[in-house]
Amino acid sequence: MQETQSTCPYCGVGCGVIIESTGAQITGVRGDPTHPANFGRLCTKGSTLHLTATSPVTLQTRLLHPLRRAQRGEAALPVTWDAALTLAADRFAHTIAQHGPDAVGFYVSGQLLTEDYYVFNKLAKGLIGTNNIDTNSRLCMSSAVAGYKQTLGADAPPACYDDVKHAQCLFIVGSNAAWAHPILFRRIEDARAANPGVKVIVADPRRTDTAGMADLFLPIQPGSDVMLFNGMLHIMLWEGWIDAAYIGAHTTGFDELKALVRDATPERVAQVCGISVADLTTAAKWFATSKATLSLYCQGLNQSSSGTAKNAALINLHLATAQIGKPGAGPFSLTGQPNAMGGREVGGLANLLSAHRDLANPQHRAEVAALWGVADVPSKPGKTAVEMFQAAADGEIKALWIACTNPAQSMPDQATVRRALQRAEFVVVQEAFATAATCDYADLLLPATTWGEKTGTVTNSERRISRVRTAVPAPGLARHDWAIAVQFAHQLEARLRPGTPTLFPYATDAADVGAEAVWNEHRESTRGRDLDITGLSWELLESQGPQQWPFAADATTGKARLYEDGIFPTADGRARFATHAWQPTAEPRESRYPFSLTTGRLRDQWHGMTRTGTLGRLFGHVAEPSLQMHPQDMERRKLASGDLVHVTSKRGSIVVPVQADTTLGLSQVFMAMHWGSEYLSGISSTGERLAGVNALTTSAFCPTSKQPELKHAAVKVLKAELP
Ligand code: SF4
């Protein structure tokens with residue numbers, strides 16, 4: 001038996017795993033006791049990785065050959081890799097020649113490795129000359145990026161997992177860590193057990209399992225977070241709980257913020273948020289006066305039409321009380337996906353460039369062009385996730401390349417996304433599994449490797465970079481994601497810039513060598529930047545294990561926490577208070593759509609269930625889709641648990657059983673995001689077939705981060721009459 005150290009491919013905790021294999025067969029998995037993210041622990045998803053990797057359903061659905069569909073709706077037939085890549089290059093080159101580089105778009109994934117992300121980004125922005133590359137990470141963390149940049153000056157979570165045990169107050173907002181980040185949640189439980197004096201505050205519209213362990217639970221109304229944070233600051237100012245010395249020495253903009261929060265009186269905040277003045281005051285007191293306060297937050301803040309404001313308003317509290325840059329303190333955003341952080345680092349989003357550079361900055365564009373050896377990087381902003389599919393639906397983007405993600409299920413306002421996929425003239429889907437709904441729209445399906453087969457790196461929520469290693473060979477003709485992108489780039493170069501040296505000199509026939517070469521180019525791009533990782537060779541990761549950034553060439557260790565010296569990466573070295581007034585949700589409840597629908601994760605499922613849905617035991621926790629609703633709302637509508645209901649928004653409708661759930665407030669309903677067409681069919685407002693909760697959600701997004709409001713849509717719920 002062989003043992004291979006690698007990383008769990010699910011959530012952003014980034015647990016280390018040891019894969020056991022015999023020949024080409026994965027036979028077991030266990031937690032890596034040496035990995036600093038989990039010290040050997042794994043949750044239900046991580047500990048069943050070997051079973052999902054080898055379940056008969058998984059094996060049946062693996063894509064093993066490139067497949068071409070001559071006509072949409074017809075069966076996809078096997079073709080050679082040569083034929084597939086030639087076709088893809090011909091079609092992309094033709095589209096670019098006819099309509100310009102912005103007529104193509106790439107939609108990638110926070111589940112890709114950093115090396116995959118780097119190559120796709122260079123392919124779009126460096127070779128083709130379009131910034132139309134975005135990622136499903138836009139749906140999970142772009143508001144956190146914008147919040148950090150707006151206030152602290154750089155997209156860098158300043159805290160680390162170890163801070164959980166140093167904190168005296170844990171402020172958990174918009175995060176059900178007990179289900180979504182289970183191994184991190186174990187740390188919270190351990191910290192509580194070791195120190196009963198630790199205060200835990202949870203703010204969430206739902207009384208989740210995480211809220212179940214809170215000393216103070218704030219069941220806020222959906223979308224009222226900014227009001228809550230501004231109200232807490234109002235009380236801190238009134239009570240003298242702010243740190244004037246820290247504010248004076250290390251920040252700017254406090255007077256404007258003070259003026260803004262004057263109106264956020266306790267009575268008004270209590271009314272908007274739906275909580276008591278006493279609880280609001282207690283939250284403000286514990287946050288400000290505890291020796292160290294750590295905020296942990298996730299999609300409840302990010303997936304919002306005011307996502308940036310929510311992030312920035314929370315960070316304001318840390319700056320005003322000096323709860324940052326010391327053990328146990330800081331604003332710590334949790335990433336949903338295993339490598340959303342890596343995607344940020346390589347600039348794999350429409351508005352970013354390598355190593356936390358900004359597309360809007362001419363100097364940054366020039367630096368990246370020089371690194372890549374191209375004349376320039378275009379200045380025109382690329383389309384972000386929602387914009388990209390809207391542009392394809394409008395006929396503006398004509399060729400789409402989708403890698404390792406399933407937008408036909410996971411994007412909000414599914415009807416528009418499916419129209420986009422239908423209208424696009426050429427769609428390439430690069431995937432490991434043929435089950436993704438997006439595959440149905442592909443003209444070309446390219447088989448990719450997956451967990452256990454891939455090699456490269458990922459970065460977890462605490463800026464820790466870990467290796468992902470190959471335990472078993474790729475099945476069939478599957479290839480690594482970065483290698484597919486490189487081989488396509490080589491074909492495209494022959495058409496777009498014939499006779500010039502390749503921009504992609506990575507050996508695709510030797511996976512470790514090629515991926516390491518990509519990594520080395522990426523780390524060189526970070527030289528002198530806030531996330532400088534020039535010291536992090538694969539050799540060092542091999543000998544010293546996972547490391548946190550920054551880790552410059554002359555460093556001997558990474559940094560556990562940032563801003564301990566009170567100096568921030570802004571022009572004047574000071575953090576900036578952001579002034580954001582509270583805004584209601586984009587689609588408020590109204591008489592025709594009287595319920596707030598919120599979406600989220602289940603404990604034992606992952607995303608579209610491509611892997612976790614293949615294992616019976618992972619349905620033991622929640623067996624089938626349902627709409628959760630407060631019993632009083634059900635009674636008023638004469639509904640009993642198990643009754644089928646139509647849930648309808650302005651965009652579509654689904655039929656699903658309703659279940660009583662006292663964790664929700666009145667006029668709120670909840671549905672898990674995971675269930676796809678096998679479980680939950682729906683229909684759009686114009687009659688198209690849809691599936692899952694995103695038949696209902698809105699694509700309204702935060703104007704700064706462009707992250708859509710997956711956490712709130714107005715819906716109506718009516719009992720379904722059986723024929
Ligand atoms: Fe994997 Fe996240 Fe579970 Fe760790 S907590 S084992 S990374 S799913």
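Predicted model: local features only at pLDDT ≥ 70, side-chain atom pairs only at ≥ 80, totals over all residues.
I started at Lys326, which sits in the loop between helix H16 (307-320) and strand S13 (330-333); helices (H or I, at least four residues) and strands (E, at least two) are DSSP runs, numbered from the N terminus. I number residues from 1 along each chain as its sequence is written.

The cut-offs: 20 or more other C-beta atoms within 10 Å is buried, 12 or fewer is exposed, in between is partly exposed, and C-beta atoms are placed from the backbone. Leaving out neighbours within four places in sequence, I find Lys326 in contact with Ala292 and Glu564; contact means C-beta atoms, placed from the backbone, within 7 Å. I also looked up Lys326 against Ala159: they are 167 residues apart in sequence but 8.7 Å apart in space, C-alpha to C-alpha.

**Domains and ligand**

The bounds come from an automatic or database domain assignment.

What surrounds the ligand? I find 14 residues, and the closest are Cys8, Cys11, Cys15, Cys43 and Gly46. A residue is in this shell if its C-beta atom, placed from the backbone, lies within 6 Å of the molecule. Helix H1 (44-47) and helix H9 (182-194) are the elements that give two or more residues to the shell. The shell divides into nine nonpolar, four polar and one charged. Domain 1 and domain 3 both give residues to the shell, so the ligand lies between them.

**H10 against H14**

I then checked a helix pair, helix H10 (residues 225-239) and helix H14 (residues 277-289): their axes come within 9 Å and cross at roughly 70°. Axes here are lines fitted to C-alpha atoms, for helices over the stretch in contact, with angles from 0 to 180 degrees between N-to-C directions. H10 and H14 are therefore roughly perpendicular to each other; that label covers 65 to 115 degrees, with under 35 roughly parallel, over 145 roughly antiparallel and the rest oblique. H10 brings Gly231, Met232, Ile235 and Met236 to the contact, and H14 brings Leu280, Thr281, Ala283, Ala284, Phe287 and Ala288. I sorted them by class and got eight nonpolar, two polar and no charged residues.

Also in helix H14 I find Thr282, which is partly exposed with 17 other C-beta atoms within 10 Å. Thr282 and Asp509 are 227 residues apart in sequence and 61 Å apart in space, C-alpha to C-alpha.

Most residues other than glycine have a negative phi, and most peptide bonds are trans. With that in mind I flagged Ala355, whose phi is positive at about 60° although it is not a glycine. His356 got a flag too, with a positive phi near 60°. Ala355 is in the loop between strand S14 (352-353) and strand S15 (357-358), and His356 lies in the loop between S14 and S15. Ala355 is buried with 24 other C-beta atoms within 10 Å, and His356 is buried with 21.

Which residues does the cis peptide bond join? It joins Trp549 and Pro550, with omega about 5°.

Tyr593 lies in the loop between strand S22 (575-576) and strand S23 (595-600). I get 18 C-beta neighbours inside 10 Å, so Tyr593 counts as partly exposed. Not counting residues up to four places away in sequence, Tyr593 touches Ser649, Ala714, Val715 and Lys716. Tyr593 and Thr648 are 55 residues apart in sequence and 8.0 Å apart in space, C-alpha to C-alpha.

Technical notes:
Nonpolar A, V, L, I, M, F, W, Y, C, P; charged D, E, K, R; others polar. Contact = placed C-beta atoms within 7 Å.
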